[in-house]
Amino acid sequence: MNDGMLVVCGQRTFCNNLCELITSSIAIHPSVAVSGAEARRKTSMSEMNAVLLAGKLPDENVLDLALELAQGGVNGVMIVIDRGALFEAHEVLDGSGVTILANPLTKDALIQAIRLVMKVAEGGGTLDRAKLMLVQMKGWTEPQAHRYIQKLSMDKRLPRELAAQIVIKALNREQQEKEES
């Protein structure tokens, strides 16, 4: 059973503001965890469609927690990282399936990312999986990924679903080549 979404953030006020934004925009009432230990406990007790890590945690590094949750089979792990720490985040999380969102982040971009991750976690189609892979692997925004697939579809005169399959295969090939080298 999927129980929705978990927001993990060490600053309670910021966490409450995020939850209010998510509730008002997506009509989901996320659970809250203010530490890594609490996040682990909640994800082990319930299957989540999405986990959003934002800000510092009092008991551990958020990059380590994001990697551990993703490797532990938690679907839809997202992390909001300051632009200054993006390089380190990509080094640690590359290929893990964690969606990295660069802060400062607009409310619309955050909501789009959450919707996309949740849609894929709920069994979204090929187009959504391709867009999510572009967001995760290339660091693009959802509209950039959508436009890329749309343009590929028009340029090659293919249905969008087929263009999305081509993107997925190319990204998987690219990932395999990275792992082999």
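1. Let's start with a pair of strands. In this predicted model, strand β4 (residues 77-82) and strand β5 run in the parallel sense and pair over five bridges.

2. How do the two strands connect? Follow the chain from β4 through helix α4 (residues 86-93) to β5, and you have traced a right-handed β-α-β unit. As for β5 itself (residues 99-103), four of its five residues are buried, so to speak "mostly covered".

3. Now have a look at helix α3 (residues 62-71). Seven of its 10 residues are buried, so the helix is largely enclosed by the rest of the structure. The buried ones are Val62, Leu63, Leu65, Ala66, Leu67, Leu69 and Ala70. What do they pack against? Their neighbours are β1 (5-8), α2 (36-45), β3 (50-54), β4 and α4.

4. Both ends of α3 deserve a glance. Just after the helix comes Gly73, which has a positive phi of about 95 degrees.

5. Next, the inside. In soluble globular proteins, nonpolar side chains tend to be buried together. Here the largest nonpolar core has 26 residues, and Met5, Val7, Ile22, Leu52, Met78, Leu110 and Ile114 have the most contacts inside it. Two or more residues each come from β1, α1 (12-26), β3, β4, α5 (107-121) and α6 (126-138). Which element gives the most to this core? That's α5, with eight residues. Another core lies apart from this one; it has 25 residues, including Leu6, Leu53, Ile79 and Leu86.

6. Leaving out residues up to four places away in sequence, Leu110 touches Leu18, Leu21, Leu52, Leu101 and Leu105.

7. Finally, zoom out. The protein chain has eight helices and five strands, and from the N terminus on they run β-α-β-α-β-α-β-α-β-α-α-α-α. Its radius of gyration is 16 Å, close to the 16 Å that the globule rule gives for 181 residues, so the chain is as compact as a globular protein of that length. The C-alpha atoms fill a box of roughly 50 × 40 × 35 Å along the principal axes. Of the 181 residues, 44% count as buried. Among contacts between residues at least 6 apart in sequence, 58% join residues at least 24 apart.

Terms used:
Residues numbered from 1 in each chain as written. Predicted model: local features only at pLDDT ≥ 70, side-chain atom pairs only at ≥ 80, totals over all residues. Heavy atoms only, no water. Buried < 20%, exposed > 50% of the residue type's maximum accessible area, 1.4 Å probe, protein only. Pairing = 2+ DSSP bridges. Right-handed = clockwise from strand over helix to strand, strands pointing away. Contact = heavy atoms within 4.5 Å. Core = buried A, V, L, I, M, F, W, Y, C linked by side-chain atoms within 4.5 Å. Rg over C-alpha atoms; globule rule 2.2 N^0.38 Å.
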